[in-house]
Protein chains: 2
Amino acid sequence: MAIDPLDARILLALDDDPDATTLGVARRLGVARNTVQARLKRLATSVLRGFGQRVDPAALGYPLVAFVSLRISQSSQVQAVAGLAELPEVIEVHATSGDADLLLRVVARDTAHLYRLTNRITNVPGVQRSDSAISLTELLPARTRPLLERLAQEQ
Amino acid sequence: MAIDPLDARILLALDDDPDATTLGVARRLGVARNTVQARLKRLATSVLRGFGQRVDPAALGYPLVAFVSLRISQSSQVQAVAGLAELPEVIEVHATSGDADLLLRVVARDTAHLYRLTNRITNVPGVQRSDSAISLTELLPARTRPLLERLAQEQ
DNA sequence: GGTGAAAGGTCATTAAG
DNA sequence: CTTAATGACCTTTCACC
């Protein structure tokens with residue numbers, strides 16, 4: 001299920017203009033409309049993630065982002081993750097190298113909210129130690145464009 | 001520029017079915033099509049991020065995710081970030097609390113690629129010390145749904 | 001390529017802050 | 001009085017087979 005250069009160019013065109021139509025993309029790339037149509041249908045079930053990825057938590061009233069690393073008692077990993085999943089502010093959970101460590105991305109309304117949130121996190125059963133780093137600025141906003149541009153030039 | 005419950009419900013409907021049409025969403029929510037149309041137009045310039053956010057790097061051939069924290073000599077922050085931005089595999093850069101520290105999200109094709117990548121990162125001018133944590137599993141995939149559901153029930 | 005369907009625009013009316 | 005939602009109409013444009 002590899003991505004070829006045309007797939008990448010289609011995705012880049014949509015990145016330039018998220019509201020571009022299938023026909024518009026086809027014209028821009030100089031290919032048949034049906035080609036783009038078939039490609040997008042396939043891409044939608046492979047490389048495209050849900051619409052929720054386009055929603056910016058900051059614009060929802062949660063401007064603070066923090067990364068919290070947790071030490072978990074290895075016996076209760078599953079239970080701990082289930083507990084964390086019940087907190088809406090926990091946006092993402094990764095199991096990281098090192099033993100029984102989790103890395104969370106959390107969002108909060110303000111610093112007071114973040115403080116209460118970290119307290120709730122450390123109270124989740126199985127959580128042993130926590131260490132959080134607040135994101136002061138997103139110096140480089142999440143991007144996939146450079147990867148797509150590289151794929152678009154390949155062959 | 002706050003989000004009201006109807007906005008949240010529109011976004012949730014699109015999260016359920018990313019290909020839903022404006023009219024479809026309107027029917028589902030029991031509101032007029034023009035309402036959804038006007039809301040989406042406004043949301044597109046406030047809470048919705050670019051299409052690139054929907055592209056999954058893993059599906060592009062970069063299945064490895066790692067979080068790299070860097071110590072930067074404070075005088076050369078700008079220069080360091082510029083250098084990092086030239087690496088396509090660097091997906092995200094945050095300035096974090098603590099002094100002159102950066103947190104990066106990077107992707108790689110395999111462990112060998114990741115090894116070379118971290119070497120290139122530490123060679124970026126201004127970078128002093130690096131510490132990376134590989135994501136073994138994404139236990140909780142990035143989500144905004146719980147936040148939207150909370151907003152949808154408010155008021 | 002043809003056809004059914006939706007987008008996008010405008011407007012007058014109505015409701016609510 | 002201002003902002004927003006609504007329903008109606010229209011034309012253009014697209015997705016799908």
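**Exercise 1.** Find which residue forms a salt bridge with A:Arg39, and state where the two residues sit in chain A.

Solution. Step 1: take the criterion, a side-chain nitrogen of Lys or Arg within 4 Å of a carboxyl oxygen of Asp or Glu. Step 2: apply it to A:Arg39; the partner is A:Asp7, and the closest N and O atoms are 3.1 Å apart. Step 3: locate the pair. A:Arg39 belongs to helix α3 (residues 33–44) of chain A and A:Asp7 to helix α1 (residues 5–16) of chain A, so that the pair links distant parts of the chain, 32 residues apart. Helices (H or I, at least four residues) and strands (E, at least two) are DSSP runs, numbered from the N terminus.

The model is predicted: local features need pLDDT of at least 70, side-chain atom pairs count only at pLDDT 80 or more, and totals for chains, interfaces and linings use all residues. Residues are numbered from 1 along each chain as its sequence is written, chains are lettered from A and ligands numbered from 1 in the order in which they are written, and side-chain values use heavy atoms, with hydrogens and water left out.

**Exercise 2.** Describe the contact between chain B and chain A by residues, area and polar links.

Solution. Step 1: count residues in contact (heavy atoms within 4.5 Å). There are 60 residues of chain B in contact with 60 residues of chain A. Step 2: take the buried area, meaning the accessible area (1.4 Å probe) that two parts lose on being put together, summed over both. For chain B and chain A this comes to about 5,900 Å², with 60% of it on carbon and sulfur atoms. B:Phe51, B:Arg54 and B:Leu147 supply 13% of the area that chain B buries against chain A, more than any other three residues. Step 3: count the salt bridges between the two chains, which number four. A:Arg105 forms a salt bridge with B:Glu92, where the closest N and O atoms are 2.5 Å apart. Step 4: count polar contacts (a pair of N or O atoms within 3.5 Å; within protein, one must be able to donate a hydrogen and the other to accept it, and residues adjacent in sequence count only if both atoms are side-chain atoms). Between chain B and chain A, 40 residue pairs are in polar contact, both at pLDDT 80 or more. Step 5: β4(B) gives the most to the side of chain B that touches chain A, with eight residues. Step 6: sort that side by class, with Ala, Val, Leu, Ile, Met, Phe, Trp, Tyr, Cys and Pro as nonpolar, Asp, Glu, Lys and Arg as charged, and the others, Gly among them, as polar. The side of chain B that touches chain A then has 37 nonpolar, 11 polar and 12 charged residues.

**Exercise 3.** Name strands that pair with β4(B), with the number of bridges.

Solution. Step 1: two strands pair if DSSP finds at least two bridges between them. Step 2: strand β2 (residues 90–96) of chain A runs antiparallel to β4(B), joined by four bridges. In β4(B), A:Val93 has B:Leu140 as its bridge partner, and A:His94 stands opposite B:Glu138. Step 3: within chain B, strand β1 (residues 64–72) pairs with β4(B) in the antiparallel sense over eight bridges. There the bridge partner of B:Ala66 is B:Ile134.

**Exercise 4.** State how the protein meets DNA strand D and DNA strand C.

Solution. Step 1: a residue is near a strand if one of its heavy atoms lies within 4 Å of it. Step 2: the residues around DNA strand D include A:Thr21, A:Arg27 and B:Ala32. Of the atoms of DNA strand D within 4 Å of the protein, 74% belong to sugar or phosphate. Step 3: for DNA strand C, the sugar or phosphate share of the atoms within 4 Å of the protein is 59%, and the rest belong to bases. Polar side-chain atoms reach bases of DNA strand C: that of B:Arg33 lies 2.7 Å from a base nitrogen, and that of B:Asn34 lies 3.2 Å from a base oxygen.
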